[in-house]
Amino acid sequence: MLFIQILRTCLYQTALAGFVVSGWLICSGPGSAVAAIWGGLTVILPGAVHGCLLAFPSTGRSAQAALTAFLIGAVLKLLLTGALFIVAIASLKFDFIPLMSAYVAGLMGYWVALGRITPARRGNLYALLSK
């Protein structure tokens with residue numbers, strides 16, 4: 001169940017970032033669209049890595065091991081996000097506005113996924129996270 005929620009969050013992020021990418025493609029051409037794709041990947045990939053570290057070894061784990069996996073995932077997520085931004089801005093010389101607009105749209109995927117959790121499923125999600 002937790003893996004499904006992580007996958008759903010990544011799909012929401014992809015859809016929102018894809019909407020922004022298509023807007024940049026229509027309005028400004030392929031150069032801005034590629035920058036927006038990179039911005040979307042900058043939020044989707046680190047979130048997927050963090051989610052996978054939380055979800056896969058979740059059965060039979062102590063609270064200390066779960067906390068350690070969460071902290072390692074958070075650090076990896078921050079490092080990967082920073083590295084992707086550095087590559088995008090310094091090396092690839094992407095435009096900043098399309099890059100950030102798709103990044104922010106992808107960040108909204110977290111809130112959309114969180115809003116899709118119904119009150120009946122909140123208890124189930126809490127039970128999954130506490131395993």
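Mentor: A contact here means heavy atoms within 4.5 Å. By that count, among contacts in the protein between residues at least 6 apart in sequence, 75% join residues at least 24 apart. The model is a predicted one. Its fold has five helices and zero strands, so the pattern along the sequence reads α-α-α-α-α. Of the 131 residues, 34% count as buried. The accessible surface comes to about 7700 Å², and carbon and sulfur atoms account for 78% of that surface.

The part to look at is the pairing of α3 with α4. Helix α3 covers residues 63-91, and helix α4 covers residues 96-115. Two packed helices are described by the angle between their axes and by the distance between those axes. For α3 and α4, the axes come within 11 Å and cross at roughly 155°. Angles over 145 degrees count as roughly antiparallel, and therefore α3 is roughly antiparallel to α4. The crossing of α3 past α4 is right-handed.

On the α3 side, the contact is made by K77, T81, F85, A88 and I89. On the α4 side, F96, L99, M100, Y103 and Y110 take part. Sorted by class, the residues in this contact are eight nonpolar, one polar and one charged.

How values were computed. Residues numbered from 1 in each chain as written. Predicted model: local features only at pLDDT ≥ 70, side-chain atom pairs only at ≥ 80, totals over all residues. Heavy atoms only, no water. Helix = DSSP H or I, 4+ residues; strand = E, 2+ residues; numbered from the N terminus. Buried < 20%, exposed > 50% of the residue type's maximum accessible area, 1.4 Å probe, protein only. Areas by Shrake-Rupley, 256 points an atom, 1.4 Å probe, with all protein chains shown as cover. Axes fitted to C-alpha atoms, helices over the stretch in contact; angles between N-to-C directions. Parallel < 35°, antiparallel > 145°, perpendicular 65-115°, else oblique. Left-handed = near helix turned anticlockwise from the far one by under 90°. Nonpolar A, V, L, I, M, F, W, Y, C, P; charged D, E, K, R; others polar.
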